[in-house]
Amino acid sequence: MDYCSQTTLVPCGQDKYISKNELLVHLKTYNLYYEGQNLQLRHREEEDEFIVEGLLNIFWGLRRPIRLQMQDDNERIRPPPSSSSWHSGCNLGAHGSMMKPVAIPDIQITDTDAAPGSDRRLSPTGTRDLKALQEDTPQLMRTHSDVGVRRRGNVRTPSDQRRIKRHRFSINGHFYNHKTSVFTPAYGSITNVRINSTMTTPQVLKLLLNKFKIENSAEEFALYIVHTSGEKQKLKVTDYPLIARILQGPCEQVSKVFLMEKDQVEEVTYDVAQYIKFEMPVLKSFIQKLKEEEDREVKKLMRKYTVLRLMIEQRLEEIAESPATI
């Protein structure tokens, strides 16, 4: 990359700008820190606009459960046949017309524990064999989505696995399951999204929620820059998270970008953060010292104004005793 000096201003928030030269210096430091890793950022110019793009690490900091979608947006689910048509052996056609019952064919089952050459046939009237078949048949969860379906005792083929990866990402290996569709990601676990420097905070939030097919509204969440000192800075809707990350520096031991509930977290300023990690006895001693210092200042002011009041009263007496001059 060519980190040449530039004088163009790059927006980093509402009514906030940074020179391209200064941003390139921060970007060079950022990329040197992540040298050889996929977290390095690239920059380009498009229609005289300076754009930085790459992966942004975001840490989960949620306290309440989130909801995952039951199926992917690009996949339709056919409603299951009614109980009456199912048990009567009937089915509905594409246009709702009644189809003729289909005879149950003989199903050949291979016993996994038996020899490769041995097999047995299941008759439609064989109750025991039918029951055994139902127990051995892989069962589906209630969703018809590729990522929502978990088959028991069945291994997905490579093509199925590739299709699942195209449809949905997992949160720490957690795909949709009807029993755990509402859950809370582990606090402090990490994920990432590919964004650019022109994307605002709401856009990054929507992209992250869409990546994991989360049903919750993006307005419920906010992005915070959390420092090891305890300082928490909420990114405004007009801020650009990738620019903010670059300006904070690359080291995540110093600061991290967290996804948190908007109504559950309060911002913590740097001055307040200095005292957060102290124990209660230490904080009480600080308060006691501040109170003593405050009392000394109050006494000093009282003495000062007492002397001033006495001087004024004495002067007024002198004026009253002196003869009036014409």
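The model shown here is predicted.

**View 1. Strand β4 and its parallel partner, β14.** β4 and β14 run in the parallel sense, and two bridges join them. To find the spot, look for W60, whose bridge partner in β14 is L259.

**View 2. Strand β4 beside β11.** Here the pairing is antiparallel and extends over seven bridges. L56 makes a handy landmark, with V193 as its bridge partner in β11.

**View 3. The hairpin of β3 and β4.** Strand β3, residues 42-46, is antiparallel to β4, and five bridges hold the pairing. H43 has V52 of β4 as its bridge partner. Follow the chain from β3 to β4 and you pass two residues between the strands. One thing to look for in this turn is E47, which has a positive phi of about 55°.

**View 4. The largest nonpolar core.** This core has 42 residues, and those with the most contacts inside it are I58, I171, I214, L223 and L259. Several elements give two or more residues to it, including the strands β1 (9-13), β11 (190-196) and β12 (221-227) and the helices α1 (20-33), α5 (201-211) and α6 (241-248). Which element gives the most to this core? That is β4, with six residues. β4 is also mostly covered, as ten of its twelve residues are buried.

**View 5. The surroundings of I58.** Leaving aside neighbours within four places in sequence, you can pick out the residues in contact with I58. Among them is a run formed by S189, I190, T191, N192 and V193.

**View 6. A nonpolar patch on the surface.** L301, Y305, L308, I312, L316 and I319 form a nonpolar patch, with about 610 Å² of accessible area together. L316 is found in helix α8, which covers residues 280-321. Is L316 buried or exposed? Its relative accessible area is 54%, so L316 counts as exposed, the cut-off being over 50%.

Definitions and conventions
Residues numbered from 1 in each chain as written. Predicted model: local features only at pLDDT ≥ 70, side-chain atom pairs only at ≥ 80, totals over all residues. Heavy atoms only, no water. Core = buried A, V, L, I, M, F, W, Y, C linked by side-chain atoms within 4.5 Å. Buried < 20%, exposed > 50% of the residue type's maximum accessible area, 1.4 Å probe, protein only. Helix = DSSP H or I, 4+ residues; strand = E, 2+ residues; numbered from the N terminus. Contact = heavy atoms within 4.5 Å. Patch = residues over 30% accessible without salt bridge, like charges linked within 9 Å, V, L, I, M, F, W, Y side chains within 5 Å. Areas by Shrake-Rupley, 256 points an atom, 1.4 Å probe, with all protein chains shown as cover. Salt bridge = Lys/Arg side-chain N within 4 Å of Asp/Glu carboxyl O. Pairing = 2+ DSSP bridges.
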